[in-house]
Amino acid sequence: MGDRVLEKLVRETTMEIKNAEGLHMRPAMKFIDLASRFDCKITVHNGPHEADGKSIMQMSMLEATCGTRLQVRAEGTDADQALEALRDLVEVQMFGEPPP
Amino acid sequence: MSRSSQVERTQDAAAQNESGMEIKKGIAVSPGVSIGKSLIVDSEDYRIPRREIEPSQRAGEIQRVRDAFHDAIEELDALERGQDEATGGRIKDIFAVHLRFLRDRSLRRRITDMVHTEAVTAEYAVSTVLRSVAAHFETNVKDTYISERAADIYDIERRLLRRLLGTKREDILHLKEEVIVVARQLSPTQTAGFNRDYVKGIASDAGGRTSHAAIVARSLGIPAVVALEDLTEIVRGGDRVIIDGNRGIVIVNPDAETVHQYEEYSREFVALEHKLDTIRAKPAMTRDGVRIRLLGNIEFPDEAQIVLGKGGEGIGLYRTEFLYLNRPTEPVEQEQYEAYAEVARVFKNQPVVIRTFDLGADKYTQARRVTPEPNPFLGLRSIRFCLQNLGMFKTQLRAILRASVEGPIKIMFPLITNLQELMQARMIVHDVMEDLDEEQIRYNRDIEIGIMVETPSAALTASTLARESDFFSIGTNDLTQYTLAVDRGNELVSPLYSAADPAVLRLIRMIIQDANRAKIEASVCGETASEPEYVMLLLGMGVRTLSLTPPMIPEIKQVIRSVTIEDCNHLARTVLTMNSERQISGYLRAAARKVLPEAF
């Protein structure tokens, strides 16, 4: 079992919130819905604040507004796919919302 | 709760019963006994009080949290699916967000952790955790979109609390099972909305014997106990509760033996009621042959039948404020006419005294004022309110006059304080009569017009007011409150409120003497008329007509049939020489106990 932990993939990246209204309820919902599709553990940091990427309560309490840079960390076999999909949602689709 | 008091509670509970039975003493305001499941009724912004539990109860409370989340999710799921994508997209989104909060394991864990580590109830943990989340959004208001989330969190809190505190709050009007309503405080509006087929008992933390909610409970015949102080901290939604509206006791989670005793007691009480019902057809006459007239006080038209069923000989006080309760608009003339005519038809040739709107103070009007009056009981209420709102006053008078062809309806003005008010109100009646004449609408031209004597100023000028009144009705509740300067609903001073106070009794005697001199009738329609210990005194002071809450009519008739006027006169003479309330009420109670032992 110890070996498996060592083998576990850990990936970390930075994403910028680009939609005008920031990470309010609907974007937070989209984020956790997408994150929950992956097996890996996803942790999001906004400065000193940490949130479980699959918890709407914690994500919405991050107070991420437009321009906030989030540190997103994924731990697990599908970590790469998870981060790729999340980046697409946050930076490319901008949660389907308009930029400022 | 401190550690030591928790130990005390544990010992208390052990002394009574291992099952956690608790007995609370309050003020009995509406007779009867009922046993049932509690339903907590609260105002929206009510804070859930902190209540600690035994360590052994934690697992059960945690399960309650899980069940509440589970049920709330099911409820929301159905709501979300019911929303059409095209028209309700935004609402659907909101429900979707709420659903994700309810499914959020970390939220649920914070709540169950709190139940576990602090040993508190499910509702307290739910409320505390969600309010701290909401506070986080409120205090970090850098971004309005984000700060608005607090409202969502409060909504989620409410949804969970509704599950934990019993049936949905709004469902109080659509109950499907029998409940005992438990509340911090009940407004008359809330009480009036209760369906008496399902609300089997009422218990509240606040309130006094003559608070309006108590009056409504009494007239609906629902057992009620008030002034229980912290009952809402002890009882949880769904707990089994016994309401003893005779002794003023509420028992939470009674053990089997207590339930058994109360079932027995309830049967005995019903038997006593039946016994009293057998005297229904007999006249309310003293042993020495003096005929007393017993009328009913009613709040709603359908109570007329109850009065008739209890042997009442008419209505001495028909409160009309119900027409304003539970509604956003003013009642129209036709609706009022029907409400008045309906009661007149039930009583045919017997009197029906309709009191004009007694709005103001704690009722209807305060809620609608832009700035509430600083002292509503001394403010724009009752007849004063009507004289400043002539449109609504005239509409009511028109409806009463039109109904007056159905039977001997009388008009009664409340809270008259001087002759000018009475003259003005009478003049408006005449204006309305002229309008009806012009429109050739029938009414009783000789309708009797009287007043409630319920202020010290009216009592002191009763001889003057009697000249312009066809009758007096003594409203002992307000008369006591205004004479003694005591707010009857304020638990801090309510012990000072007593109609047995020498000051109140002297005013009552003065009113009766002035009415007798003017050869008009003075009846009593306050709470004292329904209290056995006061009845002998009132008869002794010369009262021959009492108007009271319908369920008490048989018992009061029993008192009347057991006494002689000579005894009553003697009692009144003795009492009026006494100088302390305590002495008087003790004397009255002892006298009543002799007459009707089973009622005490």
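Start with H17(B). Buried here are B:Glu421, B:Leu422, B:Ala425, B:Arg426, B:Ile428, B:Val429, B:Val432, B:Met433 and B:Leu436. Buried means under 20% relative accessible area, exposed over 50%, partly exposed in between (1.4 Å probe, protein chains only). Helices (H or I, at least four residues) and strands (E, at least two) are DSSP runs, numbered from the N terminus.

Down the axis of H17(B), the buried residues fall within an arc of 155 degrees, so they line one face of the helix. That arc is taken from the directions from the helix axis to the C-beta atoms.

A word on the source. This is a predicted model: local features need pLDDT of at least 70, side-chain atom pairs count only at pLDDT 80 or more, and totals for chains, interfaces and linings use all residues. Residues are numbered from 1 along each chain as its sequence is written, chains are lettered from A and ligands numbered from 1 in the order in which they are written, and side-chain values use heavy atoms, with hydrogens and water left out.

What do the buried residues of H17(B) pack against? Helix H15 (382-388), helix H16 (390-403), S12, strand S13 (448-453) and helix H19 (462-466) of chain B. Contact means heavy atoms within 4.5 Å.

The face turned away from the buried side carries exposed B:Gln420, B:Met427, B:Glu434 and B:Glu438.

B:Leu415 sits between strand S12 (409-413) and helix H17 (419-438) of chain B. Its phi is positive, near 50 degrees, and it is not a glycine. Most residues other than glycine have a negative phi. At 0% relative accessibility, B:Leu415 counts as buried.
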